[in-house]
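Please look over the model below with the following notes beside it.

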Amino acid sequence: MQHTPRSFPGAPRAQLAFVLGSGGVRSIAALGIADRLAREGIRPDLIVGCSSGALFGAQVAKGMHGQSAVSMATTLWSAELTQQRRWRAYLQLIAPKLAGFGAGFALRDDRLITQRITRAFGDARLEQLPTPLRVVATEAATGLPVVLSQGRLVDALRASMAVPILFPSVEIDGRRLVDGVLSDPLPISAASDASVVISLGFHGSMPRRVDRLSRLVAQTSTTLINNLMQARTDAAEARGQKVIAIELDLDRHVGLWETSAMPELFEAGWRAAEERLLDIVAALDEARAPAFQPVFID
């Protein structure tokens, strides 16, 4: 079952939501954030994620935590997942009509990804997780965001991580879905029913020089994604939500597939949550406080 953002009929209002954007391996910081807050008895009522944020958010939603969760994450996110070539794809590029080039074209095979996440999550369904999880993908035909809140977790994660051209799209309920980052890189709008939002997003760095086509493309896509993320945050705050953005303090660049940095990123998330702990507690206390009711005396 899918809902368009900001419409979640029948769902109980969440007090605290974790919203996890796409950031490659850096998204594993969500496990460190959750671990630090759990020590204070603070746990999310809702988790929303897209792409890698959905993948690691699923671990939090399923109750995985600590170093065991980090160990499992190394099998869920590794560079070899992008190295499973589809040899037919090259023929489709050379002779598209003959080889049957279509909207589902992909350079890589996603069977290894499917095997890894199936091994981790089995037949788990979104609606049966200990903590509710909403996974954001993009409908390829329209470009609109789709929020998955029911159905097989494995299918939802595959769809949210299906980078166009690189990986094949995933069909769910008759719709062809691709990477959620295209339509909602920081899907705060899918947590509009939460009073307090802790967001983990990653603004891209602009290339220092634009001296080749790839850097021009990177400059354009980074501009679009960064502005869309900021627009989502501004919109949430305008409608009265308290958004606490978690920023990682990293002293170096971490590659999207740098799995060796996972322990370091876990600790960075832990420290970042520690730094914002007072703000989080204060926001939750304010959300829990009963609304002021004026008393009129005759």
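The points below go through the structure by region, after a word on conventions.

1. Basis of the notes. This is a predicted model, in which local features need pLDDT of at least 70 and side-chain atom pairs count only at pLDDT 80 or more, while totals for chains, interfaces and linings use all residues. Residues are numbered from 1 along each chain as its sequence is written, and side-chain values use heavy atoms, with hydrogens and water left out.

2. Burial of helix 1. Helices here are DSSP runs of H or I with at least four residues, strands are runs of E with at least two, and both are numbered from the N terminus. Helix 1 (residues 29–38) is mostly covered, with 9 of its 10 residues buried, where buried means under 20% relative accessible area, exposed over 50% and partly exposed in between, for a 1.4 Å probe and protein chains only.

3. Helix 1 against helix 2. These two helices pack at an angle of about 25°, with their axes 9 Å apart; axes are lines fitted to C-alpha atoms, for helices over the stretch in contact, and angles run from 0 to 180 degrees between N-to-C directions. Helix 1 and helix 2 are therefore roughly parallel to each other, given that angles under 35 degrees count as roughly parallel, over 145 as roughly antiparallel, 65 to 115 as roughly perpendicular and the rest as oblique. On the helix 1 side A30, L31 and A34 meet F56, Q59 and V60 of helix 2.

4. Helix 3 and its two partners. Helix 2 and helix 3 pack at an angle of about 145°, with their axes 11 Å apart, and their crossing is right-handed. This contact (heavy atoms within 4.5 Å) is made by L55, F56 and Q59 of helix 2 and by A69, M72, A73 and L76 of helix 3. Helix 3 (residues 66–76) also packs with helix 9 (residues 262–275), at an angle of about 135° and with the axes 10 Å apart, which makes helix 3 oblique to helix 9. Helix 3 passes helix 9 in a right-handed crossing, and there G66, Q67, V70, A73 and T74 meet M262, P263, F266 and E267.

5. Nonpolar cores. A nonpolar core is taken as a set of buried Ala, Val, Leu, Ile, Met, Phe, Trp, Tyr and Cys residues joined through side-chain atoms within 4.5 Å. The largest one has 68 residues, of which L37, L55, F121, L133, L153, L157 and L200 touch the most other members. Apart from that core lies another, of 17 residues, among them A17, L46, C50 and A191. With its neighbours within four places in sequence left aside, L37 is in contact with F18, I42, I198, A273, L277 and I280.

6. Strand pairing. Strand 7 (residues 175–178) runs antiparallel to strand 4 (residues 133–139), joined to it by 2 bridges, two strands being paired if DSSP finds at least two bridges between them. In that pairing, T138 stands opposite V178. Strand 6 (residues 170–172) is joined to strand 7 by 3 bridges, also antiparallel, and E171 stands opposite R176. Strands 6 and 7 form a hairpin with 2 residues between them.

7. Loop residues to look at. Most residues other than glycine have a negative phi. D173, in the hairpin turn, has a positive phi of about 55°, and at 58% relative accessibility D173 counts as exposed. I165, in the loop between helix 7 (153–160) and strand 6, has a positive phi near 80° and counts as exposed at 54% relative accessibility.

8. Surroundings of G104. G104 sits in the loop between helix 5 (96–99) and helix 6 (111–121), and with a relative accessible area of 43% it is partly exposed. Neighbours within four places aside, G104 is in contact with P168, S169 and R176.

Note on methods. A crossing is left-handed if the near helix is turned anticlockwise from the far one by less than a right angle, and right-handed if clockwise.
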